[in-house]
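Please read the following report alongside the sequence and the model.

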Amino acid sequence: MHLGIRARRRLTRVALVLPLLALLASACSPDHYPQTALRPLSDFAKIGDDIQTTTFYWALGVFVLVEGALLYAIFRFRGKPGDAEPRQVHGNTTIEIIWTVIPALILAAIAVPTVRGIFQTSAIPTGDILTIEVTGHQWWWEFRYPDLNLTTANEVHIPVGQTVSFRMGTADVVHSFWPPRFAGKRDVFPNRQTRLWFKAEQPGEYPGQCAEFCGIQHGRMAFRVRAQTPEDFQAWVAHMQTLGPKPAPAAAAPSSADSVHTASAGAKVQAAQQPQAGAKPPAAKDSAAAAPPAPVDPAYAAGEKLFLAKGCVGCHSLNAVGAPKGMIGPNLANVGARSFIGAGSFKNTDENLARWIQNPQVMKKGVLMPNLGVTPDEAKSLVAYLRAHQ
Ligand code: CUA
C-alpha cells in the first residue's frame, strides 16, 4: 500500500494533535475540578467507576476497530482516475447478522457488571454502620445523627473506614443528594425514604451538590463532606455533644438563654479560639490564681441579644444536641467552624457572614431568609456571636 505525500502529511498532523488532546485531558485534575466522579474515594464510587472504565475500554476497542477498518478502506481502495466502476452490492445477510450479533454481545458483556453494580449499590448495608438522616430543603441540607443525637447542616462529618448509611428525604420539593467523590446521585422525595451508603477511604473535605433542579437557587444548594480519621471524628462528636442546652447556672440565669448557649460558655469558646484585638486575654498567672469568670466580649453579648431580638432564633437552632425537627433554617450550632455559608456557596469569612446577615437576598436571591434590616454594626456583633459557635 502506497500513501501519497498529502495523506502522509495529514496523518502526521493527526499524530501531533492527539498528544495535545491527551495533555488537555490531563489538565482536568481534581484540583481544578474538585467535583469530579472520576477520582473515586469510596467502595460505592469505585463500583460505578469500574463499570464506567470497563464500558470505556469496550467503546475504545469498538472505536479503534471501526475507525481502523474505515481508514484502511479509504486508503486501500481509493479510486484513481480511469478506474472501472466497482462491483455494486445490495445487502449481505452474513455481514448483517455479524454486525447485529457483535453489538448485542458487547451490550450483554456491559450489562453483566452494570446489573451487578445496581444490585451492589442498592443493597442495604449491615454490620458496623453509622446512620445519618439527610433532609433536603430549598436550598440547604440538614444532617442528623440519630444514634449520636446530633444535628448539623450543610457540612456532613463522616469517619473514614466505616460504612455510612444515609436515610434521605425532603422537607419540600425533590432534590438529589450527590457527593461525587463518594457515590452516585440519589433523589430525595417527599413522604418516601431513599438510601445511599458508602465507606470513605481518605480523609479530607470534598464538595457535594444538589443534582436535581429544585428552584432558582438549585445551583447554590451545595454541601461539604468532611471525611475524618476515626479519632478525629470521635473528637468532633464529643465536641458537638457539648453544644446543647446548658443547665442554667444556680445564680442569675437569664431565662432567654435556655434555648441557646449561655453567654459565658460561648464567650469561653470565643476566648479560646478567636482572640479579639480589643478583648484582653486573661494573663496566665491570673487564670491560675482564682479562676475569674471568663470575660464576655461586648460584641458577643450584643450579638446574642440581637440573635433573639431579630428573630433569628425562630428559624435557626444553635443546639447540636436535641435540636428540634422542622426548623426552617439551617442548624447553626457549629456555624463558626464551617468552611462555607449559604449551603456551600460562599467562603465562611467574617466579611461574607456580615454581608449575608445584612441582606441574604443579594447573595442568594430567593433564599427563604428575609432581609431583617440589620445595620453594619449589628452585623458585626452577630458575626462575633456566630463565629464563637464552633
Ligand atoms: Cu435541591 Cu436542586
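## The five-stranded sheet

In this predicted model, five strands form an open sheet in the order β3-β2-β1-β5-β8, with mixed pairing; strands are DSSP runs of E of at least two residues, helices are runs of H or I of at least four, and both are numbered from the N terminus. Two strands count as paired if DSSP finds at least two bridges between them. The edges are β3 (150-153) and β8 (194-199), each of which pairs on one side only, and the twist averages 25° from one strand to the next.

Strands β1 (residues 129-137) and β2 (residues 140-145) run antiparallel and are joined by five bridges, with G136 standing opposite W141 in β2. Helix α4 (residues 230-240) lies across β1, β2 and β3 and runs at about 100° to β3.

Residues are numbered from 1 along each chain as its sequence is written. Local features need pLDDT of at least 70 and side-chain atom pairs count only at pLDDT 80 or more, while totals for chains, interfaces and linings use all residues, and side-chain values use heavy atoms, with hydrogens and water left out.

## Helices α7 and α10

The axes of α7 (residues 298-309) and α10 (residues 376-387) come within 7 Å and cross at roughly 100°, where axes are lines fitted to C-alpha atoms, for helices over the stretch in contact, and angles run from 0 to 180 degrees between N-to-C directions. The two helices α7 and α10 are therefore roughly perpendicular to each other, a term that covers angles of 65 to 115 degrees.

Contact (heavy atoms within 4.5 Å) is made by A299, Y300, A302, G303, E304, L306 and F307 of α7 and by E378, S381, L382, A384, Y385 and L386 of α10. By class, this contact has nine nonpolar, two polar and two charged residues; Ala, Val, Leu, Ile, Met, Phe, Trp, Tyr, Cys and Pro count as nonpolar, Asp, Glu, Lys and Arg as charged, and the others, Gly among them, as polar.

## Pocket and cavity

On a 1 Å grid over the protein atoms alone, a pocket is an open set of points with protein on both sides within 12 Å along at least five of seven lines, a cavity is a set where a 1.4 Å probe fits but cannot get out, and lining residues have an atom within 4 Å of a point. The largest pocket has a volume of about 600 Å³, and of its 35 lining residues the closest to the centre are H316, P330, L332, W356 and M369. Helix α8 supplies the largest share of this lining, three residues.

The largest cavity holds about 60 Å³ of space, and its lining includes W140, E142, R144 and P330.

Terms used
Parallel < 35°, antiparallel > 145°, perpendicular 65-115°, else oblique. Points joined across faces, edges and corners; volume = space filled by probe spheres on them.
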